[in-house]
Amino acid sequence: MRISSNFDSGNIHVINAESPQDIQLSIRKDNQSTFYQWFHFKLDSQPFVSHVITIQDLAKSAYPDGWVDFQAVASYDRKEWFRVETKFDGDNLSIHHTPEFSQVYYAYFTPYSYERHLDLLAWSQLSSFCKPYHLGETLDGRDMSLLVIGEPADGKKSIWVTARQHPGETMAEWLVEGVLHRLLDEDDGLAKWLLDKAVFYVVPNMNPDGSARGHLRTNAKGVNLNREWQAPSMENSPEVFLIKQKMQETGVDMFLDVHGDEALPYNFVAGCEGNPKYNERLKNLENTFKQALLMATPEFQDIHGYEKDEPGKGNLTVAANAVGHEFDCLSYTLEMPFKDNVELPDVVFGWSPERSKQLGEDVMVAMRSVVDMLR
Ligand code: ZN
């Protein structure tokens, strides 16, 4: 029996793997940080033998509530990831599974590899609407890539979409696939309509180093990018520095920053109500977008989510607040679940790449409701 994780976004530490009924593991912390939650490893063992795989010491993980009612994902072919029976006792997570093949992968959520990320960029540039831009390098020397979709022209709005500041939130990049599939479809009337009025600036992966390293929340240096938006630096957070610089060049009329939430089993948005210059115009834009998304899909709801910020108390180091403040624009954090949307549960797959992609397509419908009102 062997457990390995030395591959793209792999993360596990083996404590004991002698007996299939008592495999003991733990999760490596993000480099130079105290966060840990993302796991991704391969088990090589006997098929049709029952296995109990325990991941220890999770009371101190980044989001202990994330393990309550959580079911791990598993895959034999690394394409289809299904949920497996998982129990949590407050500190230890145990996966109970009888694999049908000798090799099986387990993860916190369906992984999104760096190779797939490069494939997505390569595929996108084949569209005549889309140009890829290299903005600079991450701390590990990976490309910071931006896709510009549509022709910039006077009077056109600038709409920015960023994903995976928190690299373990892979559903965010799956959602971006939905956005791109819709926007780059030449036969899609909505895409044509939107591209007539706006240019889209899409960052499919804000944190490629953390993604490849198997981090939950930080970049190569242990920096949480979503707390860097007030004063990013090339030394600590080049990912944010480079994107913010480009935003200042293009302007921003709408911003959507896509995330996954470890604990809450819902899709929801968090707005800018705590920003110092928040006003009726921004409130109206937020509500219009939200109502349109509620109409577009029952996967989205507006009852469960984060507590609203007190007026003037918004944290301006967070991307959506910082961008909304600087550009006086509609700006939302969009959160998807790691577990499932409990209002439309799927016992086999839970929340999944396919549903994330579909939500990305539906988000484009909601954008239609606000484009003409953005300025
Ligand atoms: Zn996040």
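**Notebook: strands, zinc site, pocket, cysteines**

I began with L43, whose bridge partner in β10 is V104. Strands here are DSSP runs of E, at least two residues long, and helices are DSSP runs of H or I, at least four residues long, numbered from the N terminus. The model is predicted, so I kept its limits in view: local features need pLDDT of at least 70, side-chain atom pairs count only at pLDDT 80 or more, and totals for chains, interfaces and linings use all residues. Residues are numbered from 1 along each chain as its sequence is written, and side-chain values use heavy atoms, with hydrogens and water left out.

**Entry: the open sheet**

Strand β4 (residues 40-44) and strand β10 (residues 103-107) are antiparallel and share 5 bridges. Two strands pair if DSSP finds at least two bridges between them. I then traced the open sheet of 5 strands and noted the order β1-β4-β10-β6-β7, with antiparallel pairing. β1 (2-4) and β7 (82-83) stand at the edges with a single partner strand each, so one side of each has no neighbour in the sheet.

**Entry: strand β3**

Which strands are joined to β3 by 3 bridges? I found strand β2 (residues 13-16), running antiparallel to β3, and strand β5 (residues 51-55), running parallel. β2 and β3 form a hairpin, with 6 residues between them. V14 has L25 as its bridge partner in β3. Q24 has T54 as its partner in β5.

I checked both faces of β3 (residues 23-26). I23 and L25 are buried on one side, Q24 and S26 on the other. Buried means under 20% relative accessible area, exposed over 50%, and partly exposed in between (1.4 Å probe, protein chains only).

I followed T54 to N92. Their C-alpha atoms are separated by 6.4 Å, though the two residues are 38 apart along the chain. N92 sits in the loop between β8 (85-88) and β9 (93-97). N92 is partly exposed, at 24% relative accessibility.

**Entry: the zinc ion**

Which protein atoms are donors of the zinc ion? I listed H166 (ND1), E169 (OE), E169 (OE) and H259 (ND1), lying 2.1 to 2.5 Å from the ion. Donors are N, O and S atoms within 2.8 Å of the metal (3.2 Å for Na, K and Ca); water is not among the atoms, so sites may look incomplete. The donor residues are spaced H-x2-E-x89-H in sequence. H166 lies in the loop between β13 (157-163) and α2 (171-183), and H259 in strand β15 (residues 254-261), so the pair ties together parts 93 residues apart in sequence. Both H166 and H259 are buried.

**Entry: the largest pocket**

I noted a volume of about 750 Å³ for the largest pocket. Its lining has 39 residues, and A270, Y306, E307, T333 and E335 lie nearest the centre. On a 1 Å grid over the protein atoms alone, a pocket is an open set of points where a 1.4 Å probe fits, with protein on both sides within 12 Å along at least five of seven lines; lining residues have an atom within 4 Å of a point. The largest share of the lining, 4 residues, comes from α6.

**Entry: cysteines**

How many disulfides are there? I counted 0. A disulfide is a pair of cysteine sulfur atoms within 2.5 Å. The sulfur of C272 is 7.4 Å from the closest cysteine sulfur, in C329, too far for a bond. C272 is buried at 3% relative accessibility. C130 is buried too, with a relative accessible area of 4%.

Definitions and conventions
Points joined across faces, edges and corners; volume = space filled by probe spheres on them.
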